[in-house]
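Subject: Structure for you to look at

Hello,

Here is the structure I said I would pass on. Please open it first, then read the notes below it.

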Amino acid sequence: GTPQKYDPTFKGPIYDRGCTDIICCVLLVVAIVGYVVVGVVAWTHGDPRKVIYPTDSRGQFCGQQGTSNEYVFHGRRSPASPERPSPASSHPVQICVSKCPDRYLTYLTASGDLEYYRQFCVPEFKNLQKNPIQVLKDKECPAMLIPSTPLARRCFPAIQAKKGVIMVGNETTYDNGQGQRRNVTELLEGAKKANVVLEARQLAMKIFEDYTVSWYWIIIGLVIAMVASLIFIVLLRFLAGIMVWVMIVMVILVLGYGIFHCYMEYAKLKGEAGSDVSLKDLGFQTDLRVYLHLRQTWLAFMIILCIVELVIILLLIFLRKRILIAIALIKEASRAVGHIMMSLLFPLCTFFLLCLCIAYWASTAVFLSTSNEAIYKVFNETACQFSGQTCNPETFNTSNVTKLCPDAQCLFAFYGGETAYHKYLIVLQFFNVFMFFWLANFVIALGQVTLAGAFASYYWAFKKPDDMPAFPLFSAFGRALRYHTGSLAFGSLILAIVQVIRVTLEYLDHRLKAADNKFAKFLLSCLKCCFWCLEKFIKFLNRNAYIMIAVYGTNFCTSARNAFFLLMRNIIRVAVLDKVTDFLFFLGKLLIVGSVGILAFFFFTQRIKLVQDTAPSLNYYWVPILTVIVGSYLIAHGFFSVYGMCVDTLFLCFLEDLERNDGSAEKPYFMSPDLKKLLKKTNKGQPNA
């Protein structure tokens with residue numbers, strides 16, 4: 001690319017700018033309107049109760065407000081012929097009940113408990129004097145009851161293990177309603193997952209109790225993490241150079257020790273039997289420890305470490321100046337953040353908008369997935385030509401089906417639908433996912449452009465901070481929304497398309513796990529790798545394009561091209577700055593999260609004597625500790641994301657400054673005195689500037 005030329009009218013972020021990428025702006029508005037329409041349609045047709053509440057055999061919800069029948073009981077009919085059960089008999093009876101059964105009971109032997117048994121029969125069953133055989137034949141009651149436990153508004157067999165013996169209701173066998181005894185282990189597979197969920201619910205209750213008694217201490221821990229993050233960013237202004245050089249020296253020392261250790265192992269194996277066998281003669285071994293007994297292995301390690309050590313020393317010799325520039329930019333970024341303190345709170349705005357996107361996507365997805373209608377099908381005991389066909393329970397008793405198949409019933413089967421809306425539900429779900437990625441990326445892009453505009457106004461202020469605008473953050477936010485919504489929509493659209501493709505590939509990979517097509521799996525793995533790399537590259541390109549948009553007000557393509565060529569003209573500086581900042585951010589997060597985590601550990605385990613009586617009594621002390629650690633990481637990440645955007649913005653402005661200006665009275669440098677001193681540059685006529 002061509003280096004930037006001097007522009008006498010350029011004095012920092014351009015205020016007299018026009019709208020960019022208007023077509024993409026219009027496209028985003030239309031897509032948002034369509035997204036709202038999809039949400040309204042989903043909310044009109046959807047019913048989240050289908051996720052929360054179970055249904056009986058008629059498709060009616062259990063546990064509705066104003067009803068006492070909270071749970072659904074799954075009972076099985078007694079087949080007319082145990083050897084050849086019919087489709088109707090294998091279809092479970094689902095009945096809404098007020099409580100789950102607490103005893104073993106069969107209808108044939110429940111003569112004294114019929115009043116208790118009736119609550120597990122269909123609501124229409126009233127005649128307790130009816131012949132039991134006829135009741136089972138008419139499918140009005142289940143053939144048997146089993147002691148059950150309520151879970152997620154459903155009744156599951158109450159399985160327990162006593163001394164290694166599986167039992168249900170203190171029994172190891174049960175009557176299946178046909179006079180046959182069955183082992184309770186036959187119920188184990190069906191209720192195994194239910195018991196896991198039950199144990200998980202008990203664990204969740206204990207965790208909730210821990211949160212209720214420790215939430216204020218968790219907040220105090222997070223406040224400490226926030227203060228520590230702020231202090232670390234301030235200290236970077238003074239300690240960045242020391243930290244970087246200490247890191248470099250430590251790396252050299254560690255590699256030096258590695259070389260020494262390899263040499264000692266190499267010398268120690270001299271003369272030992274089998275140590276002189278070459279790697280080629282030994283071949284491939286599954287036990288990797290075998291290679292550690294060969295002199296050639298340690299010689300290879302020593303040579304590799306020597307080469308790495310030599311490369312690092314040569315890089316330090318030739319890139320020393322660029323490392324100093326990176327350190328100076330990091331110090332300058334700390335000063336910029338200090339002058340625009342509101343920037344540290346701006347991630348809260350981005351976080352709030354992202355939460356709105358997630359909430360709208362999740363609620364729309366739930367309503368779309370519950371938009372299906374109840375489907376009823378014909379179930380019968382004997383052979384019938386209508387078996388398995390859809391039916392309407394309201395008109396079923398007056399239809400020809402009951403005349404041709406007297407024992408047929410119209411029962412709830414599943415949720416579905418055959419209208420145009422139901423056929424295109426998968427398309428609407430795909431659109432919902434796509435819009436979520438687009439809007440989420442747009443919100444992130446808006447935050448990046450806003451921060452870039454604010455920090456660019458700091459760099460291009462000739463007298464810092466006197467020449468800065470009064471409210472740089474709000475000014476940058478207003479410019480981004482007013483002029484560059486289309487450019488942000490363009491960049492986020494490209495990224496969203498790639499992310500949707502990646503999600504699709506992950507879905508296909510999940511579906512192909514059971515398949516034995518190795519070529520398809522290999523091709524899919526290659527595609528996943530390529531699109532992962534593409535997503536990383538687009539994120540890098542977008543980030544720098546947004547900085548150019550914030551400074552110059554150009555459209556997305558022009559900004560991306562100018563940023564890319566500017567970075568390519570300074571590729572070594574880019575690489576050095578990237579690695580130095582990555583190290584500092586890693587060190588900062590490790591220091592903050594580790595310090596706060598250790599403090600939380602000693603506090604919640606009551607190992608600090610001064611506050612031993614203050615620490616709450618907990619079921620699991622790791623609950624608040626993990627919460628504090630995760631929260632501290634998120635807080636530190638939020639602070640460092642602002643700092644990282646500041647470093648990247650100042651770096652691009654610094655490169656532009658070097659290309660546009662030469663230090664003359666007409667074209668003075670805007671960089672800080674430290675950077676000018678480091679580069680041995682001055683503004684002519686202003687020796688101390």
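**Largest pocket**

The largest pocket has a volume of about 2000 Å³. A pocket here is an open set of points on a 1 Å grid over the protein atoms alone, where a 1.4 Å probe fits and protein lies on both sides within 12 Å along at least five of seven lines. Grid points are joined across faces, edges and corners, and the volume is the space filled by probe spheres set on the points.

This is a predicted model, in which local features need pLDDT of at least 70 and side-chain atom pairs count only at pLDDT 80 or more, while totals for chains, interfaces and linings use all residues. Residues are numbered from 1 along each chain as its sequence is written, and side-chain values use heavy atoms, with hydrogens and water left out.

The lining of the largest pocket consists of 50 residues, where a lining residue has an atom within 4 Å of a point. Q448, R543, H637, S641 and V642 lie nearest the pocket's centre. Helix 18 (622-660) is among the helices that each supply at least two lining residues, and helix 18 gives the most, with 14. Helices are DSSP runs (H or I, at least four residues), numbered from the N terminus. By class, the lining has 32 nonpolar, 11 polar and 7 charged residues. Ala, Val, Leu, Ile, Met, Phe, Trp, Tyr, Cys and Pro count as nonpolar, Asp, Glu, Lys and Arg as charged, and the others, Gly among them, as polar.

**Salt bridges**

The count is 12 salt bridges, each a side-chain nitrogen of Lys or Arg within 4 Å of a carboxyl oxygen of Asp or Glu. One of them joins R502 and E535, at 2.5 Å from N to O. R502 is in helix 14 (residues 485-511) and E535 in helix 15 (residues 518-552), so this pair ties together parts 33 residues apart in sequence. E535 is buried at 7% relative accessibility, and R502 is partly exposed at 25%. Buried means under 20% relative accessible area, exposed over 50%, and partly exposed in between (1.4 Å probe, protein chains only).

E535 also forms a salt bridge with K539, with the closest N and O atoms 3.4 Å apart. These two are 4 residues apart in helix 15, so about one helical turn separates them.

D509 and K528 form another salt bridge, at 3.0 Å from N to O. This pair links helix 14 to helix 15 across 19 residues. D509 is buried at 19%, and K528 is partly exposed at 23%.

Elsewhere, E332, R335 and D674 are linked in a network of salt bridges.

Regards
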